[in-house]
Amino acid sequence: MVMKEILARVLEHELLSREEMRQILLAITRQEINDAQITALLACLQMRGISVDELLGFRDGILETGVPALLDADRYIDIVGTGGDQKNTFNISTCACFVVAGAGYKVAKHGNVAATSVSGASNVIEGHGVKFTNDIDQLNRSINETGIVYLHAPLFARAMKFVAPIRKAVEFPTVFNLLGPIVNPSQPKCQLLGVANLDQMRLYNSVYQKLGSDYAIENSIDGYDEISLTGNFKVTANNYERIFSPHDVKMPLVKPAEIYGGSTKEEAMRIFDSVLENTATESQKNVVIVNAAFAIQTLEAGKMPIEECIAKARESIESGKALATLKKFVEVNKA
C-alpha cells in the first residue's frame, strides 16, 4: 500500500473502498504507516467527511485484529451513545441496560471510560467492584446467568492503541470517534444508538442497513445523544422514522439540570444506583425508562407498541428486577 497515493486521492475528495480502508487499518496495526501519514489521513477524512463504506472498512479491520466475544446467547442488544454531546448527563444508557435485562431480555454492553463527561460506562461498572475481562467463558457466564455482559472496549479493540497517541495529540474528532458504537466485539444483531446530531443519524442509518442490523437511532433535537425528554426527539428505526414529543410517550418535560450527572464519578454512580433502587427523581427515572423502552421495542423487532415497552421498563424498576440484575451481575463479575 502506497500511502502517498492514498493521501493524494483523499485530497482530491475521492472516496476509498471498504476494502482499502480495511487494508489501511491493518497496515496501521503492523506499524507500516508512520504517524505523520496517519495524522494527514485522519485530518483529510475529517474535513472531507467519512463515507459509509470507509467507516465500515475501518470497522472490519478493528474487528479482524481485535479479540472476538462471540457469545453463546440468543438475541441480545447493545445500548450506546456516540458521546461528545457535552451535556454531562448521568449514565442513562448503561442504567437502561440493567432495566432491559431486568425485563427479561439479554444485553451485551460495550463501553469505555469517560471521554467528555464525568463518568463513562466503564467508570460506573468498575465503581461497583466489577473486574473487566475478555475471557469468553466468564463473558458467557455473565450473560447467561445475569442477562447482561459488559465488554470493556480496550480489552478487545487492539488496533486502537496504535492511534491513541495521535488522537490525543490532534485534539479534534476523527473517524475513530465514530467507530465505538459499531465495533462491539460480540457483534449484536440489535442496537439502540444515541447520536448527538442528525448528520450522524443519517450516517449510522446507512451503516446499520448495510450490516443488516435491527436498530433504532435516537437523537434529542436539542443536542443530547439519547432521549433526554428535555424536548422533542427523533427516532429512526428499521421500519419507521418519527419525531416524538415527551407528551407522545406520556412523559412530562424534563429540565436539563434534572438529568445532570454531577461533578464527580461518585455522584454519577449515586444517581445511577438510585434509579435502579427506585428512589431517584421522577425525571431521572423517566429518562431511563424511555430509553430502555426503545431498546425493548428494537429487541421485539418493532412489533411491540412503545406504550407496552414503557410499561415493561417501568415494571423492571418498580418490581426490583432491575436492581436484582445489577446485584447478580456484580456478584458474578466481582474483582
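1. Buried residues make up 57% of the 335 residues in the chain. Here buried means under 20% relative accessible area, exposed means over 50%, and partly exposed lies in between (1.4 Å probe, protein chains only). The model is predicted, so local features need pLDDT of at least 70 and side-chain atom pairs count only at pLDDT 80 or more, while totals for chains, interfaces and linings use all residues. Residues are numbered from 1 along each chain as its sequence is written, and side-chain values use heavy atoms, with hydrogens and water left out.

2. The overall dimensions come next. With 335 residues, a compact globule would have a radius of gyration near 20 Å, and the 19 Å of the chain agrees with that. The radius is taken over C-alpha atoms, and the globule rule is 2.2 Å times the number of residues to the power 0.38. Along the principal axes, the C-alpha atoms fill a box of roughly 60 × 40 × 40 Å.

3. The chain has 14 helices and 7 strands. These are DSSP runs numbered from the N terminus: helices are H or I with at least four residues, strands are E with at least two. Among contacts between residues at least 6 apart in sequence, 73% join residues at least 24 apart. A contact means heavy atoms within 4.5 Å.

4. The largest nonpolar core has 59 residues, and those touching the most other members are Ile77, Val100, Leu229, Leu276, Val288 and Phe294. Helix H12 gives the most to this core, with 10 residues. Such a core is a set of buried Ala, Val, Leu, Ile, Met, Phe, Trp, Tyr and Cys residues joined through side-chain atoms within 4.5 Å. A second, separate core of 44 residues includes Leu25, Val52, Val175 and Val183. In soluble globular proteins, nonpolar side chains tend to be buried together.

5. Apart from neighbours within four places in sequence, Val100 is in contact with Ile77, Ile79, Tyr105, Val107, Ala292, Ala295, Ile296 and Leu299.

6. Helix H13 covers residues 306-318, and at 1.5 Å a residue its 13 residues should span 18 Å, which agrees with the 18 Å between its end C-alpha atoms. The expected span is 1.5 Å times one less than the number of residues. Ile306, Cys309, Ile310, Ala313, Ser316 and Ile317 are the buried residues of H13. Seen down the helix axis, they fall within an arc of 120°, so they line one face of H13. The arc is that of the directions from the axis to the C-beta atoms. These buried residues pack against helices H5 (92-102), H11 (265-276), H12 (282-299) and H14 (321-333). Just after H13, Gly320 takes a positive phi of about 90°.

7. Leu229, in the loop between strand E5 (214-220) and strand E6 (233-237), has a positive phi near 65°. Leu229 is buried, with a relative accessible area of 0%. Asn278 has a positive phi of about 65° and lies in the loop between H11 and H12. At 33% relative accessibility, Asn278 counts as partly exposed.

8. A polar atom of the Arg59 side chain lies 2.8 Å from the backbone oxygen of Ile182. Leaving aside neighbours within four places in sequence, Arg59 is in contact with Arg18, Leu179, Ile182, Val183, Gln187 and Leu211.

Technical notes. A polar contact is a pair of N or O atoms within 3.5 Å; within protein, one must be able to donate a hydrogen and the other to accept it, and residues adjacent in sequence count only if both atoms are side-chain atoms.
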